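Here are a few exercises to work through with the coordinates open in your viewer. Try each one yourself before reading the solution.

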Amino acid sequence: MKLARFGKRGAEQPGIVGPGGTLRSLVGVIDDIDAQALSPDALDRLREIDVATLPEVLEGTRIGPCVGRVGKLIGIGLNYSDHAAESNLPIPKEPIVFLKATTAIAGPYDDVVLPPTATKADWEVEVAFVIGTRARHVSEAKAMGHVAGYCIVNDISERAWQTEREGQWTKGKSYDGFAPMGPWLVTADEVADPADLGMTLDVSGVRRQDGSTRTMIFGVAKLVSYLSGFMTLEPGDVVTTGTPPGVGLGMRPQVWLKNGDVMRLEVTGMGHQQQTVRVVAP
Ligand code: ZN
């Protein structure tokens, strides 16, 4: 299934992609695409619905982030061997974990309004996984059973805040709008191999990232198991798993987002995102 949320920011309603790609409303069926809707039982109940009988969502309706009431948004750093190389950093011995504020979560087509003092805003196409059942000290063998599905996240980063200021990465990753999520939550049964997904990102028509989850260092099962030893993963938590090469930070000379840029992201089977960058005068 491909689940989505539509409507005004903060008042999104649940939907499902029906035959022919039309978005249909799940209003009255479930409250939201959130922790409650993501358990294996709840997803099975949704599978029994005849989607063609649901009302169509009006074309042009805003698409929101595909998961509501996200408890934790966790990022994994330098998780692609070829991206670590372009960043001139060694391949990590164990996953680099950081948090993005959940207030950064935005819809996949919302404008990205940069902080007025941003100087080094950058893009990162990523595959995220969404937790469906509580995971605490789970083995790698059992880890995939805790994953409800996958979606695209653009892990937007202000590199000056991330790397030139004191402390760790969270400051540079958490500004409002820095985590466009969706358009769809694609349930795990529809993703044959999360370790073999193509992913691209264009900035204003120029292909900047063209990678694959094949070069991911720590895969999904490892990440679920690893993280669950440090913190309880709850249904509705989202883990964005890192980016392949081609970010502005890795270019010579470096390139940063500017007013009017359009980012277009695509991941195999997960649809696409598109955001226009806006800069507001300080
Ligand atoms: Zn990232």
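Contact here means heavy atoms within 4.5 Å. Keep in mind that this is a predicted model.

**Exercise 1. Find what aspartate 202 is in contact with, leaving aside its neighbours within four places in sequence.**

Solution. 
- Start by locating the residue: aspartate 202 sits in strand β15, which covers residues 198–203.
- Next, check burial. The cut-off for buried is under 20% relative accessible area, and aspartate 202 comes out at 14%, so it counts as buried.
- Now list the partners. With the sequence neighbours within four places set aside, aspartate 202 is in contact with Arg207, Arg208, Val262, Met263 and Arg264.
- Finally, look at the side chains: those of aspartate 202 and arginine 207 are joined by a polar contact of 2.5 Å.

**Exercise 2. Work out the strand order of the open five-stranded sheet, and say which strands are at its edges.**

Solution. 
- The order reads β8-β19-β18-β15-β16, with mixed pairing.
- The edges are β8 (112–114) and β16 (206–212), each of which pairs on one side only.
- From one strand to the next, the twist averages 20°.
- Take β8 and β19 (residues 272–279): they run parallel and are joined by three bridges. Valine 112 stands opposite valine 277 in β19, while leucine 114 has valine 279 as its bridge partner there.
- Then take β18 (residues 262–267) and β19, which pair in the antiparallel sense over five bridges. Here valine 262 has threonine 276 of β19 as its bridge partner.
- The hairpin of β18 and β19 has four residues between the strands, and glycine 269 takes a positive phi near 80° in it.

**Exercise 3. Identify the donors of the zinc ion and their spacing in sequence.**

Solution. 
- Pick out the coordinating atoms: Glu124 (OE), Glu126 (OE) and Asp155 (OD) coordinate the zinc ion at 1.9 to 2.0 Å.
- Write the spacing of the donor residues as a pattern, and you get E-x1-E-x28-D.
- Check burial of the two glutamates: glutamate 124 and glutamate 126 are both buried.
- Before you start on the geometry, remember that water is not among the atoms, so sites may look incomplete.

**Exercise 4. Classify the ring pair of phenylalanine 98 and tryptophan 169, then that of tryptophan 161 and tyrosine 175.**

Solution. 
- For context, the structure holds four aromatic pairs.
- In the pair of phenylalanine 98 and tryptophan 169, the ring centres are 5.4 Å apart and the planes meet at 55°, so the pair is tilted.
- As for accessibility, phenylalanine 98 counts as buried at 5%, whereas tryptophan 169 counts as partly exposed at 23%.
- Move on to tryptophan 161 and tyrosine 175. Their ring centres are 6.0 Å apart with planes at 70°, so this pair is edge-to-face.
- Tryptophan 161 belongs to helix α4 and tyrosine 175 to the loop between α5 and β13 (179–180), so the parts tied together are 14 residues apart in sequence.
- Tyrosine 175 has 29% relative accessibility and therefore counts as partly exposed.

Key:
Residues numbered from 1 in each chain as written. Heavy atoms only, no water. Donors = N, O, S within 2.8 Å, 3.2 Å for Na, K, Ca; no water. Buried < 20%, exposed > 50% of the residue type's maximum accessible area, 1.4 Å probe, protein only. Pairing = 2+ DSSP bridges. Helix = DSSP H or I, 4+ residues; strand = E, 2+ residues; numbered from the N terminus. Axes fitted to C-alpha atoms, helices over the stretch in contact; angles between N-to-C directions. Phe/Tyr/Trp six-rings, centres within 6.5 Å; stacked < 30°, edge-to-face > 60°. Polar contact = N/O pair within 3.5 Å; in protein donor to acceptor, adjacent residues only side chain to side chain.
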